[in-house]
Structures are given as C-alpha cells and as structure tokens.
Amino acid sequence: MTRTRKPVDAVVVGVGLVGSIVAKALVDAGLSVVGLERGPARDIVPDFQAPDAHDELKYSVRKNLMVDAAKETFTFRNRPGQTALPMRRLEMFLPGSGVGGSTVHWNGVVFRFQESDFVLRSHLRDRYGPNFVDPALGIADWGVTYADLEPHYDRFERLYGVCGKTGNLAGVRQPGGNPLEAPRSREYPNPPMKELYAGRLFRNAAESLGYHPFVGASCNLTRAYTNPLGLTLQPCVYCGFCERYACEQFAKASPLTTILPVLRANRRFELRAQAQVLRVNVDRDGRRATGVTYVDAAGRETFQPASLVIVAAYAVNNVRLLLLSGIGTPYDSRTDTGTVGRNYAFQTISAATVFYDQSVRINPFMASGATGTYIDDFSGENFDHGPHGFVGGGFIGPLLTGGRPIEFRPVPPGTPRWGREWKAAVARHYNHTVNILCHGSSMPVRTNCLDLDPSYRDAWGQPLLRVTYDFPDNDLKMSRFITAKAMEIAQRMGGQRVGGGPRSGPAMATQYQSTHNTGGTIMGDDPKRAVVNRYLQSWDVPNVFVIGASNFVHNGSYTPTGTVGALAYWAAEALTGRYLKQPGALVTA
Ligand SMILES: Cc1cc2nc3c(=O)[nH]c(=O)nc-3n(C[C@H](O)[C@H](O)[C@H](O)COP(=O)(O)OP(=O)(O)OC[C@H]3O[C@@H](n4cnc5c(N)ncnc54)[C@H](O)[C@@H]3O)c2cc1C
C-alpha cells in the first residue's frame with residue numbers, strides 16, 4: 001500500500017546541479033521544499049578522502065558514482081526499426097547518482113553558448129538564406145536569447161567560482177581571452193588555470209596558422225574563493241583525478257561544495273536520499289500535478305503531495321519521468337508528431353593525436369579535468385558555413401585530464417592491441433603524446449529520439465528509456481571539417497607522427513563520448529513541438545517545471561553545463577518572480 005506524506009509546497013526530483021539551484025531559490029521565497037534524490041547521501045568529508053578518492057578501478061572502471069545499471073539503465077539502437085538492447089554496463093554516457101548529481105564527478109570544463117545558438121533557425125536563415133539548412137534537421141529558435149540568459153550565466157559562474165579570462169567584456173575585446181566568445185557583463189570571478197606544456201605546444205602551432213588560442217574556463221579553482229553563499233572553495237593541486245572522481249581538495253565546484261551546505265541548513269528544505277521517484281502524479285484531467293510517487297530507502301512506495309513539481313533529474317531522466325507520468329505527448333518519429341523525446345542530441349567528439357620523440361616530456365599526470373588550451377575559430381557560427389554544406393562546429397584543443405594509468409594509454413595507429421609490443425608502446429608513448437580534442441556540436445534529426453522501451457524494465461518494474469541515436473550526416477561532415485583543422489595544427493606541433501581522425505558512424509553504446517545528452521523535453525513557443533515554454537514550464541501541466549539539458553533544442557559546440565546552470569537560474573527567477581505570485585501558465589500559446 002502506498003503511504004502518503006504531509007503535503008509540501010514544492011518537490012524537487014533530483015538533487016543535482018539544477019535541483020539544488022532551484023530548491024534554494026524556492027526556500028528563499030518562503031516555500032517548504034522536499035528534495036528527492038535516488039542515490040545515496042554523501043559529502044566530501046568523509047566520503048571522498050585520500051587515498052580511496054583516487055581509486056581508478058573503483059571510480060573509472062567500476063563507475064562507483066554513476067547510476068547502477070543493474071537497477072536502472074537505457075536501451076540503445078541506431079535507427080527506428082531496430083531492436084534496442086539494454087546497456088548492461090554504462091559506457092556511452094555516465095549519468096550520476098547520489099546527492100549532488102553528476103557534477104560531483106564531472107571534469108569542470110565550462111563554456112557559454114553563442115548568441116546564435118539560441119536563435120539558430122532565424123540566424124541561419126538571415127545569414128545564408130532560406131534554403132541553406134537541410135530540412136531534415138530539427139533546428140529551431142529556443143524561445144530565449146543570449147541576452148535573456150546573460151545575467152543567469154553570470155550568477156551561475158559566481159556560484160561555481162568559474163576560472164577564466166574573458167575575451168569579450170561587454171563588447172570590448174580583451175587580450176588573453178577567447179576573442180570570439182559572446183559578450184559578458186563581468187570578468188570571470190577567478191583567473192584561468194595554468195597553461196600546460198601540451199597547451200603551449202598547441203598554442204604556438206595554432207597561432208602560426210592565424211588562429212586564436214586561449215586557456216579554457218574551468219570549475220576547478222585556481223585560488224581560494226568564497227562564493228556569494230559564503231562557501232569557500234580551495235585551489236586545485238592539478239592531481240588529475242576530476243573526471244569520474246569527486247575532489248577531496250574542495251577544489252572542484254559541485255552542489256556539494258557550492259550550495260548544499262547552505263541549502264541543507266535551511267529548515268524549509270528536507271533532503272530525502274535513496275528516494276527513487278517513479279512518476280509525477282497528475283489529477284484526473286491530466287492538467288495539474290498533485291505530487292510525486294517514490295520508493296523510499298526502506299523500499300516503501302510513498303506519495304509526496306506538492307503544489308509544485310520541479311523535474312531536475314538530468315536530461316535523459318527528465319524525459320523518462322515525463323513519459324512514465326503521461327505528461328506531454330510522446331514523440332512519434334514516423335509521423336514527426338508529439339513532443340516528449342523529440343530532438344534528442346548528443347556531442348560529436350573526435351581527436352587528433354601527436355606522438356613525440358622521448359625528448360618532449362608532456363607529464364600528462366599533472367592536470368585537472370579542465371586544463372585545456374583551445375581555439376574557438378571553428379565553433380558554431382564563428383566561421384562562414386556557406387561553402388561547406390553543414391551547420392555547427394566545435395572547439396579544438398588539447399584537454400589533458402590527468403593521464404591516469406589505467407585509462408590513459410596512447411599508442412600510435414598500427415600498434416598491436418595487447419602483448420609485449422603493446423606494453424612497450426604504452427611505456428614509450430605515455431609521457432610523449434598529446435591528444436587534441438575536437439568537441440563538435442550535435443544537430444537534431446527526426447530519427448534520433450527517446451521513448452519507452454517496449455521490452456525491458458528496471459528494478460521497479462518500469463519501462464527503460466530507449467535511446468535511438470546515430471550521428472546525422474550533417475554532424476559527420478562537420479566532424480570531418482573540424483578534425484581536418486585539428487590535424488593541420490597537429491602536424492605543426494613538432495611531433496614525430498600524427499594519428500586520429502574524424503568521427504564516423506555508427507554510434508556505439510560501448511564507446512564513451514561524453515555525458516552531454518541533450519533534448520527530449522525541448523523549450524519553445526509552439527506546444528505542438530516543444531515540451532516546455534520559455535520559462536521551462538510544462539505546456540501541458542503548468543505546475544510542473546522541467547529543467548536541464550533536455551531543454552536544449554540542439555547541442556552547441558560547447559560543454560553544456562554552463563548553459564544548464566543559466567537555465568536553472570532563469571527558470572528559478574520565473575518561478576519566484578512570476579509563477580508564485582500568480583500560479584498558472586506563464587505563457588499562452
Ligand atoms: C564524467 C562526466 C564528466 C562531465 N564533464 C563535464 C564538463 O566538463 N563540462 C560540462 O559542461 N559538463 C560535464 N558533464 C555533464 C554535467 O555533469 C551535467 O551537465 C550536469 O550534472 C547536469 O546537471 P543536472 O542537474 O541536469 O543533472 P545531475 O547533476 O546529474 O543531477 C540529477 C540528479 O537527479 C537524480 N535522479 C535521476 N533520476 C531520479 C529519480 N527517478 N528519482 C530521484 N532522483 C533522480 C540523479 O541521481 C542526480 O543526482 C560531465 C558529466 C560526467 C558524468
């Protein structure tokens with residue numbers, strides 16, 4: 001029998017990056033808020049301390065901080081018509097589980113999207129004419145502009161103590177930063193990370209070709225920093241254990257270090273960990289949410305009544321929860337109708353690799369998850385796509401994340417994949433190799449979508465989310481273009497040999513790309529195509545807000561989380577400034 005808890009003003013599903021920001025805004029507005037998190041309660045002390053914090057087998061290989069695929073996973077296929085199979089070990093992307101969510105174990109690479117990203121359809125039409133965009137691409141304007149989001153990017157960057165050097169302060173170019181970035185109202189709160197030797201080699205080569213290298217921004221701190229909530233982060237020691245690890249130094253921004261200590265001290269907020277939300281409950285006519293149903297740590301099915309529901313469970317999980325709750329119309333790729341699951345996109349990653357002789361010592365173990373020197377010359381709309389026949393692009397540059405011994409074993413093409421020769425090649429090249437990342441955008445097409453799997457279920461008997469994805473032709477063309485640029489720079493970096501190549505299909509569930517899943521509950525002005533309006537409020541059930549990268553209409557050339565943080569603050573402002581004053585639809589279609 002389902003037990004019922006005392007009603008609260010708001011329930012937040014998922015206590016990760018978005019959930020913590022929105023919950024904080026709601027308690028500050030005087031609401032009682034329950035945060036439901038499926039994973040365990042945890043904190044930097046005592047859960048993530050040396051020497052265990054650097055256990056590569058536990059965290060990188062066995063993925064201790066990710067969702068347990070034996071309980072809940074995804075099924076995957078490349079095309080509609082194929083039978084999707086479950087990912088029994090997560091490899092392709094790695095959604096986190098546990099209080100604080102995925103940024104507890106993220107890299108910390110942070111960007112803003114371009115101004116054109118938010119108005120992509122109009123921008124491409126104005127720049128290239130009405131027939132330029134392949135009609136197969138589901139590109140649309142998002143319903144917000146960069147100018148709308150700029151103050152919210154800024155708030156997120158102050159909260160997380162982002163470290164970088166601006167190249168564009170209110171439209172005035174600044175030396176040392178990225179000259180091609182969108183204008184920002186203020187300098188970053190902290191200076192950028194040190195440039196690694198690999199970055200310097202890349203910089204010299206890129207500059208010789210006329211490009212504009214810069215040190216990328218990070219959420220790995222460069223100095224002690226006290227954020228606006230009074231929480232202090234410490235400087236990074238470049239130990240190289242960020243990606244897939246929590247930081248025992250308090251040097252990486254995440255909800256655990258930037259917001260949860262303050263939020264949890266607020267008596268209007270109650271955190272319930274190990275609370276697996278099964279669905280958002282809606283009333284009989286399906287127009288109002290009444291709360292959520294979850295299974296608590298003792299395995300009891302529980303109903304939590306609430307006047308307002310915030311779905312903040314990470315991109316793909318947001319989509320699944322709406323489908324399980326019957327909120328919105330499931331997307332049908334055959335007819336191109338419906339909304340939930342539409343415009344699923346990912347990231348198009350490729351690399352060029354420079355192999356040096358043994359006199360060039362890269363020391364890859366000295367790094368953070370976000371020590372990178374990049375060029376932005378071939379991202380998004382920073383170059384003329386007219387002659388190329390694709391849209392999108394990507395930033396390019398060496399992002400060294402730590403040279404950890406199990407995962408980092410670069411060998412030149414043609415090396416045997418095991419045995420004595422392989423071992424000798426690993427030893428020979430470990431300290432003398434630079435990987436240049438090509439971090440490409442991802443455009444939506446009809447056949448890339450999310451729905452509920454007809455066959456496979458999770459530990460609670462609910463259908464898994466079925467991911468249908470392959471790299472669209474547009475993105476493969478884009479990848480060929482940007483990877484060729486990376487290879488050109490690589491050839492100038494003074495190595496003995498260059499390897500690598502563009503992304504090619506098919507997409508494989510067994511290959512890690514990034515955890516940059518986007519789309520599925522997209523924002524927009526048209527309720528027939530979008531799940532949420534410009535304030536990230538459900539078009540169908542106005543007391544439900546769905547927030548995260550699932551709102552992205554396409555995925556840009558950059559890492560998503562800066563934009564996710566900005567959207568969280570944007571929605572929080574709409575909630576507290578408008579919705580709470582007059583609950584109801586904030587936009588009429
Ligand atoms: C290894 C790795 C490296 C990354 N590096 C970068 C990077 O360098 N730059 C970048 O921009 N992005 C990076 N990301 C992505 C980044 O972590 C996400 O964009 C960010 O965490 C999204 O915030 P969110 O609040 O939407 O989701 P999360 O922070 O993941 O929070 C969602 C929470 O919801 C919980 N939840 C899910 N379903 C339920 C349910 N049914 N019931 C209750 N709770 C639920 C989850 O357990 C989780 O705690 C990385 C991700 C990974 C995994």
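A: Helices (H or I, at least four residues) and strands (E, at least two) are DSSP runs, numbered from the N terminus. The model is predicted: local features need pLDDT of at least 70, side-chain atom pairs count only at pLDDT 80 or more, and totals for chains, interfaces and linings use all residues. Residues are numbered from 1 along each chain as its sequence is written, and side-chain values use heavy atoms, without hydrogens or water.

Start with helix 12, which spans residues 561-579. One partner is helix 5, residues 146-160. The axes of helix 5 and helix 12 (lines fitted to C-alpha atoms over the stretch in contact, angles 0 to 180 degrees between N-to-C directions) are 8 Å apart, at an angle of about 110 degrees. That makes helix 5 roughly perpendicular to helix 12 (65 to 115 degrees; under 35 is roughly parallel, over 145 roughly antiparallel, the rest oblique).

Now the contact (heavy atoms within 4.5 Å). Helix 5 contributes Asp148, Leu149, His152, Tyr153, Arg155, Phe156 and Leu159. Helix 12 answers with Thr561, Gly562, Thr563, Gly565, Ala566, Leu567, Tyr569, Trp570 and Glu573. By residue type, this contact of helix 5 with helix 12 has eight nonpolar, five polar and three charged (Ala, Val, Leu, Ile, Met, Phe, Trp, Tyr, Cys and Pro are nonpolar; Asp, Glu, Lys and Arg charged; the others, Gly among them, polar).

Helix 1, residues 17-28, also packs on helix 12: their axes come within 9 Å and cross at roughly 25 degrees. Helix 1 and helix 12 are therefore roughly parallel. From helix 1 come Leu17, Val18, Ile21, Val22, Ala25 and Leu26. On the helix 12 side they meet Thr561, Val564, Gly565, Ala568, Tyr569, Ala572, Leu575 and Thr576. The contact of helix 1 with helix 12 holds 11 nonpolar residues, three polar and no charged.

Next, the backbone. The peptide bond from Ala50 to Pro51 is cis, with omega near -5 degrees. Pro51 sits in the loop between helix 2 (44-47) and helix 3 (56-61). Gly505 to Pro506 is also a cis peptide bond, with omega near -10 degrees. Pro506 belongs to the loop between strand 23 (497-501) and strand 24.

Ala170 is not a glycine, yet has a positive phi of about 50 degrees. Its place is the loop between strand 6 (168-169) and strand 7 (172-173). Ala170 counts as exposed at 60% relative accessibility (over 50%; buried is under 20%, partly exposed in between, with a 1.4 Å probe and protein chains only). Asn363, likewise not a glycine, has a positive phi of about 50 degrees. Asn363 is in the loop between strand 16 (348-355) and strand 17 (371-374). At 25% relative accessibility, Asn363 is partly exposed.

Two single residues remain. Asn533 lies in the loop between strand 24 (518-520) and strand 25 (544-546). Asn533 is buried, with 1% relative accessible area. Neighbours within four places in sequence aside, Asn533 is in contact with Met523, Gly524, Trp539, Leu586 and Val587. Thr232 lies in strand 10 (residues 232-233). At 37% relative accessibility, Thr232 is partly exposed. With its neighbours within four places in sequence left aside, Thr232 is in contact with Tyr225 and Thr226. Thr232 and Arg184 are 48 residues apart in sequence and, C-alpha to C-alpha, 24 Å apart in space.
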